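This briefing is meant to be read beside the structure, with the chain open in a viewer. Please keep the sequence at hand while going through the points.

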Amino acid sequence: MDTSKDIFQSRLYRLNRKLLSLLGQWPFQKDRDRRVILATISFIGLTQAVAQILALVTLSGDFDATIECIPPLLVDFVCVIKLTNLVCNIEQIKLILIHIQRDWQTWAIQSEFEILCRFAESGRSITIGYASGMYAFGSLFPFLAIIPKLTGKNITSEYSTRPVGFPYHVEYYVDLEKYYYPVLIHNYLSTVIRLTIIVACDTYVAVLVLHCCALFSVVSYRGEWYESSPKSRKLLNMIMLRSTSPCTLTVGKLMILSLPSFSAVVRASASYFTVLRSVR
């Protein structure tokens, strides 16, 4: 296979393409397929979120149970934002992917091609590692929740909305012991959808960032300014002026995505969690 002509079918981007396709957010899918997939995962995910909200309302008088309801709902909220962002920016995503395809077709020099391949391999490794970790750890808690059921223990607990054997507090207004497996399957499908949304969105951003790094690397290599004409050298002043402002990735033009900002968010989250634990 000629990677430069069919880059998204190659091993370098195949996993990212499949992850976005599972969400119906691969821009080159058929519109009908995209709509069907999006409607299906939205229905499953939203009904699960509604069941958790109903459980939160039911357990409003129990502080410990309420605290247990909040984290899954926060994850749902994050997933809704990520998926909505993909849906609303599908045309921009398509344009970006077209530009990536053109980059692979434009720089056909072997050295430049090797640079693109090296960064794309890094993106593939990040995608595999991140997806493996998220699916492994994200599936651990739901799996541990069914161990009491598998060992034959009674499916009852002090919380009526979370019998032993369920990963989350949910309220379906049905007999959860009678409809255990349908509800459990619904919970597991929702968990898979959540994980896929997070993995697909985050790895897509990682791949784009690495491709941008590859372009800078090629320019540093695609950039022997001292061999250019005097007229072209004068144009470098404009490039140097632009380089005084670093290229950054921002969230809504409010916060720069970087290691310091990530550390600040983690510290703030840990502080809020400590406060909640202390007021029990």
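The model is predicted, and the values below are computed from its atoms. The largest pocket holds about 1800 Å³ of space, and helix H7 (180-220) is among the elements that supply its lining.

**The largest pocket**

- The lining of this pocket consists of 41 residues, of which Lys82, Val205, Leu249, Val251 and Leu257 are the closest to its centre.
- At least two lining residues come from each of helix H3 (63-88), helix H4 (90-106), helix H7 (180-220), strand E1 (250-251) and helix H9 (259-278).
- Among the contributors to this lining, H7 gives the most, with 12 residues.

**Spans annotated as transmembrane**

- An unreviewed UniProt entry lists residues 36-57, 128-147 and 195-219 under "transmembrane region", and this assignment is taken from the record.
- Residues 195-219 are 100% helix and 0% strand, with the end C-alpha atoms of the span 36 Å apart.

**Packing of H2 against H3**

- Helix H2 (residues 31-58) packs with H3 at an angle of about 155 degrees, and the axes of the two helices are 10 Å apart.
- Because an angle over 145 degrees counts as roughly antiparallel, H2 and H3 are roughly antiparallel to each other.
- The crossing that H2 and H3 make is left-handed.

**Packing of H4 against H7**

- H4 and H7, each of which supplies at least two residues of the lining of the largest pocket, have axes that come within 12 Å and cross at roughly 40 degrees.
- With a crossing angle of roughly 40 degrees, H4 and H7 are therefore oblique to each other.
- The crossing in which H4 passes H7 is left-handed.

Methods. Residues numbered from 1 in each chain as written. Predicted model: local features only at pLDDT ≥ 70, side-chain atom pairs only at ≥ 80, totals over all residues. Heavy atoms only, no water. 1 Å grid on protein atoms, 1.4 Å probe; cavity = no way out; pocket = protein on both sides within 12 Å on 5 of 7 lines; lining within 4 Å. Points joined across faces, edges and corners; volume = space filled by probe spheres on them. Helix = DSSP H or I, 4+ residues; strand = E, 2+ residues; numbered from the N terminus. UniProt positions renumbered as here; feature names shortened; annotations may be inferred. Axes fitted to C-alpha atoms, helices over the stretch in contact; angles between N-to-C directions. Parallel < 35°, antiparallel > 145°, perpendicular 65-115°, else oblique. Left-handed = near helix turned anticlockwise from the far one by under 90°.
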